[in-house]
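Let's take a friendly walk through a protein model together. Keep the sequence and the 3D view side by side as you read.

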Amino acid sequence: MQLHISPSLRHVTVLPGKGVREYIKVKVSSRWASYRTLIYLLLFFTFLLRFVFVLTAVDTIDGESKCSTLGCLGEKLVPKLLGSRLESEVPDVMYQILDKPMRKDELQGRLDNIPQTLEDFMSEIKESKPDAETFALKLREMVSLMEQRTRTAKIQEYLYRHIASSSIPKQLHCLALRLANEHSTNAAARLQLPSAELVPALVDNSYFHFVLATDNVLAASVVAKSLVHNALCPQKFVLHIITERNTYFPMQAWFSLHSLSPAIIEVKALHHFDWFTKGKVPVLEAMEKDQKVRSQFRGGSSAIVANETEKPNIVAAKLQALSPKYNSVMNHIRIHLPELFPSLKKVVFLDDDIVIQTDLSPLWDVKMNGKVNGAVETCTGEDKFVMSKRLKNYLNFSHPLIAANFNPNECAWAYGMNIFDLGAWRKTNISLTYHHWLEQNLKSDLSLWQLGTLPPGLIAFHGHVHIIDPFWHMLGLGYQENTSLADAETAGVVHFNGRAKPWLEIAFPQLRPLWTKYINFSDKFIKSCHIQAS
C-alpha cells in the first residue's frame with residue numbers, strides 16, 4: 001500500500017500495493033492497529049493543522065501580534081476553541097462611562113463639539129487617537145444626542161397624528177353644514193325614514209337588523225351603501241342609524257336624498273328613544289365622571305408631551321387616551337342595545353369605520369350556542385402584528401383587582417362587527433357588569449385600563465362570547481399598512497380601526513380605495529365640499 005499526501009495537505013491518496021492485503025496489521029507501541037486506523041488518524045491531524053492555520057491567519061489579518069512559540073499560540077487558540085476569551089478586551093472604564101446616562105442639560109453648550117454623524121465621529125477618533133476613557137465619553141455624547149433627537153422626533157410625530165385623528169376635517173364639517181341647510185330649505189330632505197308603510201319592519205324579527213351608531217355622515221353613507229350593495233336580498237335588510245342631536249338633521253337629509261331602496265333605513269337621534277330620556281342613563285353618568293377624571297389625571301396633550309422621562313410609546317398611548325372618540329356616547333351606546341331595541345331578538349352592530357364586501361345575511365345562520373356576543377378573536381392569525389391581542393394588552397394586570405379576576409393570556413376579541421343575541425343578553429347582567437367596572441376604573445384613577453370601550457367590554461362579555469370565522473372581520477387597516485389590498489379584498493368586512501381613518505389625510509393610500517369606491521364624487525354635496533378620492 002502506498003500513501004501520498006499533497007504539499008498543500010488538500011489531498012491524501014491511498015494506493016493498494018501488489019499482493020498486500022487491505023488489513024495488514026503493524027505493531028505500534030505494543031498494540032495492533034490497521035492501516036485504515038492509521039489513515040483516519042492522518043486525516044484528523046490534517047484537518048486539525050488546517051484549522052490551526054486558518055485561526056492564526058485570521059489573527060494576523062486582524063493586526064494581532066504574531067505567535068512565535070507554542071505557548072503563545074496556545075494562549076490565543078484555546079479561548080477560541082472553547083468559544084470564549086480568557087478575559088474581556090474592553091477596558092472597565094468604558095463600561096463605567098457608558099453605563100452612566102447623560103441628562104439633557106449636560107449636552108447644552110456642547111452641541112457644536114459633538115459629532116453629528118458616525119463618519120464625523122470616526123474621523124475625529126482617527127485624528128486624535130484618544131485613550132479608552134476619552135473614546136467612551138465622546139461615544140456617549142454622540143449616542144445620547146442622537147437618542148434625544150430621535151425621541152423628540154417620535155413624540156412630535158405622535159402629537160401631530162393625535163391632532164390629525166382627533167380633529168374634524170373641514171370637508172366633513174362642510175358636508176354637515178350644507179346638509180343641515182338643505183334640511184331646512186328642501187322638503188325632500190326631511191322625509192320620514194322609513195316611510196309609514198315600512199315602519200312595522202323595524203320591529204319584525206324576520207328581517208335582518210343592523211345597527212350603526214355614528215355622528216359622521218360620510219362614514220355612515222359608506223357603511224350603508226356597502227351593506228346594501230353587497231346584499232343578496234336587500235329588501236330584507238333594515239339599517240338602524242343612531243346619531244346625536246346635532247347631527248340628526250344632516251344625517252336625515254343625506255339618507256332622504258340618497259335612497260338605498262329596497263333596503264329600509266331608519267335614522268334616529270338618541271333623544272328620540274323613550275328609554276334614553278327617562279331617568280338616569282348610567283353610560284352618560286359614567287362618561288361625565290370619566291371626562292372629569294381624565295382632565296385632572298392627564299393634564300392635556302401639552303403636559304403629556306412635556307414629560308421627558310417617559311418612552312415615546314407610552315406618550316403615544318396617553319395621547320390616544322385623549323381622543324374624543326373614547327369619551328363619545330356613540331362608542332358606549334352598544335352596551336344598551338337590549339333597552340334601545342326591546343322588540344328585536346338579534347342584531348349585527350357595525351362601527352362607522354368599516355366597509356362591507358359581502359352579503360351579511362349568513363350571520364343569522366351562525367349558531368351562538370347560548371352566547372351573547374359573536375366576535376372575531378384577535379390572538380391567532382397570520383398577521384402577528386394585528387392578531388396578537390390578549391387580555392394583558394388591554395387590562396392592567398399589575399392591579400390586584402384585575403389580576404384576581406382574569407387570565408392575562410386569555411384571547412381577546414374585537415368590536416367593529418358583532419352579532420348580538422339580544423334575547424340571551426336580556427337574561428344576563430352584562431350591562432350592570434359593564435357599568436360596575438367603569439366605576440371601579442374611575443375610583444382607581446384609570447389604573448385598571450386607560451383608554452377605549454373595549455377593555456370594559458372584554459370584562460362585561462367575559463364568558464358570553466362566541467368566536468366566529470375571521471373572514472367576517474379583518475382588523476387593523478387604520479394603524480398599520482402591512483395588509484395588502486389583495487388580502488383585504490378577500491375579507492367579508494374590513495375595519496379601519498386605528499388613527500388612520502379612511503376619511504383623513506393620514507389614511508394609508510393603498511388601502512383607502514376600499515372605502516372611496518362607495519362614494520360618488522360627482523354628487524353635488526361631495527363636490528361642493530371638495531371631498532376627493534385621494
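## About the model

This is a predicted model, in which local features need pLDDT of at least 70 and side-chain atom pairs count only at pLDDT 80 or more, while totals for chains, interfaces and linings use all residues. Residues are numbered from 1 along each chain as its sequence is written, and side-chain values use heavy atoms, with hydrogens and water left out.

Helices (H or I, at least four residues) and strands (E, at least two) are DSSP runs, numbered from the N terminus. A residue is called buried under 20% relative accessible area, exposed over 50%, and partly exposed in between (1.4 Å probe, protein chains only).

## Salt bridges

How many salt bridges does a search of the whole structure find? There are 2, where a salt bridge is a side-chain nitrogen of Lys or Arg within 4 Å of a carboxyl oxygen of Asp or Glu. In one of them, R334 meets D351 at 3.3 Å, N to O. This pair links distant parts of the chain, 17 residues apart: D351 sits in the loop between β8 (346-350) and β9 (354-356), and R334 in the loop between α14 (329-332) and α15 (337-340). Both D351 and R334 are buried.

K501 and D353 form a salt bridge too, with 2.4 Å from N to O. Here the partners are 148 residues apart, with D353 in the loop between β8 and β9 and K501 in the loop between β13 (493-495) and α21 (513-516). K501 and D353 are both buried.

## Disulfides

The whole structure holds 2 disulfides, a disulfide being a pair of cysteine sulfur atoms within 2.5 Å. C174 and C529 form one of them, with 2.2 Å between their sulfur atoms. The torsion about their S-S bond is about -80 degrees, so this disulfide is left-handed. It joins C174 in helix α7 (residues 170-185) to C529 in the segment after α22 (524-528), 355 residues apart. C529 is buried, with a relative accessible area of 3%.

In the disulfide of C379 and C411, the sulfur atoms are 2.0 Å apart. This link is left-handed, with -110 degrees about the S-S bond. C379 lies in the loop between β10 (373-375) and α16 (400-403), and C411 in the loop between α16 and β11 (417-421), 32 residues apart. Are these two cysteines, C379 and C411, buried or exposed? Both are buried.

## Nonpolar cores

A nonpolar core is a set of buried Ala, Val, Leu, Ile, Met, Phe, Trp, Tyr and Cys residues joined through side-chain atoms within 4.5 Å. The largest one has 69 residues, and those with the most contacts inside it are L175, F210, F255, L350, L360 and V494. Helix α8 (residues 217-229) gives the largest share of this core, 9 residues. Another core, of 41 residues, lies apart from it and includes L337, V347, F420 and L438.

Leaving aside neighbours within four places in sequence, F210 is in contact (heavy atoms within 4.5 Å) with residues including L227, F237, V348 and W364.

## A covered helix

Helix α9 (residues 248-257) is mostly covered, with 8 of its 10 residues buried. Among the buried ones are Y248, M251, W254 and F255. Which elements cover them? The cover includes α7, α8, β6 (237-243), β7 (264-269) and α22.
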